[in-house]
Amino acid sequence: MLPEFELLMPLTLPEALDWLAAGAPAVTPLAGGTSLLVDMRGGSSRPGVLMDVAGLDELHGIRQEDGHVVVGSGVTIAELLDDPLIAQYASVLRQAATSFANPLVRNRATLGGNLAYGSPAADTAPPLLVLGAEVELASQAGTRRVPLEDFWVGVRQTIRRPDELLTSIRWPVPSPDSASAFCKLALRKADAISVVNAAVMVEYFETRFFPENLVSFAPAPMCRHVRIALGAVAPRPLRARAAEDILRNRPLTPAAIAEAARLAADATSCIDDVRGSAGYRRRVTEVLVRRLLSDIIRNQVFS
Amino acid sequence: MQLKLVTLNVNGRKHYVALPPNVTLLQALRDLGYTDVKNGCEKGDCGACAVLLNGQAVNSCLVLAWQADQSEIVTNAGLGTMDHPHPLQEAFADTGAVQCGYCTPGMIVAARALLDRNPHPSEDEIRAAISGNLCRCTGYGQIIKAVQMAADEK
């Protein structure tokens, strides 16, 4: 049984923002319910007032605007999987959506909900971080855009004010000279919270050849810059800046990749929990980052 | 406590029920007599409660009945009858994909959602489509065969 609560069902976004602006009692937005209702069933969350935002038309839709892809916060993970703009301009996000929970949950869980819930293991976080995403927060007072990197301030803690609603997520259309990838390590093939997840986006120019050993050369793209994002290894999803810095304007040789992977592991502050130990997560971070960068090289050079 | 008159169209039949906010679609359906919708975990992990909500397979335990107001819901029982079973229901029975039967309604709903979009799925696609439905009895082998058999029949 779910505990008792009051449920508001606004028909429009302005109506929803009015409810949030009223201030007291505090209103908790409810979208797909795939995280919030589970917490309420389990007793770890007891909001007095919920507000259903899943039905708000203004939070739906995926469009291209001013060189950006804009996704309504109410778009479901299943809708991301079906959308051609996402396939074309955010394949890294699509990859994450493919392994997100399971198909039944994907039909209800929303992109905005996954971000606003604030789990450090959110699978949509690393892809959106490497895409350079911003979130739009709306209130009766107006709207503001915040880089996604600044959105989370701790475990389950975001800078969303109680009178605000996360209305959309946007990112610049990636350069055609970029490649990206996502991967997650989990204890099951599906329906599993990530033990470690990571995403990488490389913007590269030309491929040069570098000595691999005494007798052969190997191709390596020249990296203009790279973005590396990690999840489930810190209180919030984060970018591994030091790892990114050493790859800027450098060839992506195996040695460079290995160094970046080590720095990425250094950027973590893992904890022990039911899914894995801190040491294991740290080690796996290094492996996943190395694999992601190596796979991108292999696919770019030989495809 | 707020009460709302919720309209649920279940397997082609309209129901009008006065419900408080904290009733899930799962509870509402079972209270209306649709006990083929099973309660396995009530937290979206097992898929036993899966129904089609406006054509999409969802865990009914994670949908509030108020959120399903005016929606079309199809449960396993709505897919076929004893006299005219759905090809999936026949296939599940024929391949031995049903042991205790508890996961079966949810499995069939998930499989039906798959076949609606992808009439000839590969084995990997079937596995992905039922990845939200747990079965403790069969080991999934016969279930996958059943979905393939139903797909071939159509």
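Contact here means heavy atoms within 4.5 Å. The model is predicted: local features need pLDDT of at least 70, side-chain atom pairs count only at pLDDT 80 or more, and totals for chains, interfaces and linings use all residues. Residues are numbered from 1 along each chain as its sequence is written, chains are lettered from A in the order in which they are written, and side-chain values use heavy atoms, with hydrogens and water left out.

**Stop 1: E164(A)**

Select E164(A). Leaving out residues up to four places away in sequence, E164(A) touches L20(A), L137(A), A138(A), S139(A), R144(A) and I159(A). E164(A) sits in the loop between β9 (157-158) and β10 (165-172) of chain A. Helices (H or I, at least four residues) and strands (E, at least two) are DSSP runs, numbered from the N terminus. E164(A) counts as buried because its relative accessibility is 1%. The classes are buried, under 20% relative accessible area; exposed, over 50%; and partly exposed in between (1.4 Å probe, protein chains only).

Now show the side chain of R144(A). A polar contact of 2.7 Å joins it to the side chain of E164(A). Such a contact is a pair of N or O atoms within 3.5 Å; within protein, one must be able to donate a hydrogen and the other to accept it, and residues adjacent in sequence count only if both atoms are side-chain atoms.

**Stop 2**

Move to residues 62-65 and 68-72 of chain A. These strands, β4 and β5, pair in the antiparallel sense over four bridges. Pairing requires that DSSP finds at least two bridges between two strands. Pick I62(A): its bridge partner in β5(A) is V71(A). Two residues lie between the strands of this hairpin, and D66(A) takes a positive phi near 55 degrees.

Next, select E65(A) and R170(A). They form a salt bridge, with the closest N and O atoms 3.6 Å apart. The pair links strand β4 to strand β10 of chain A, 105 residues apart. The rule asks for a side-chain nitrogen of Lys or Arg within 4 Å of a carboxyl oxygen of Asp or Glu. E65(A) is partly exposed, at 25% relative accessible area, whereas R170(A) is buried, at 8%.

**Stop 3: the cores**

A nonpolar core is a set of buried Ala, Val, Leu, Ile, Met, Phe, Trp, Tyr and Cys residues joined through side-chain atoms within 4.5 Å. The largest has 41 residues; V71(A), L80(A), L115(A), L128(A), L148(A), I169(A) and W171(A) touch the most other members. A second, separate core of 34 residues includes C183(A), C223(A), V226(A) and I246(A).

**Stop 4: the A-B interface**

Show both chains. The contact takes 26 residues from chain A and 29 residues from chain B. Together the chains bury about 2,400 Å², 57% of it on carbon and sulfur atoms. Buried area is the accessible area (1.4 Å probe) that two parts lose on being put together, summed over both. Highlight L7(A), L104(A) and R108(A): they supply 26% of the area that chain A buries against chain B, more than any other three residues.

The rule finds two salt bridges across this interface. Zoom in on R41(A) and E42(B), whose side chains meet in a salt bridge (3.0 Å, N to O).

**Stop 5: A111(B)**

Finish in helix α3 (residues 104-117) of chain B, where A111(B) is placed. A111(B) is buried, with a relative accessible area of 1%. Beyond its neighbours within four places in sequence, A111(B) is in contact with L88(B) and V147(B).
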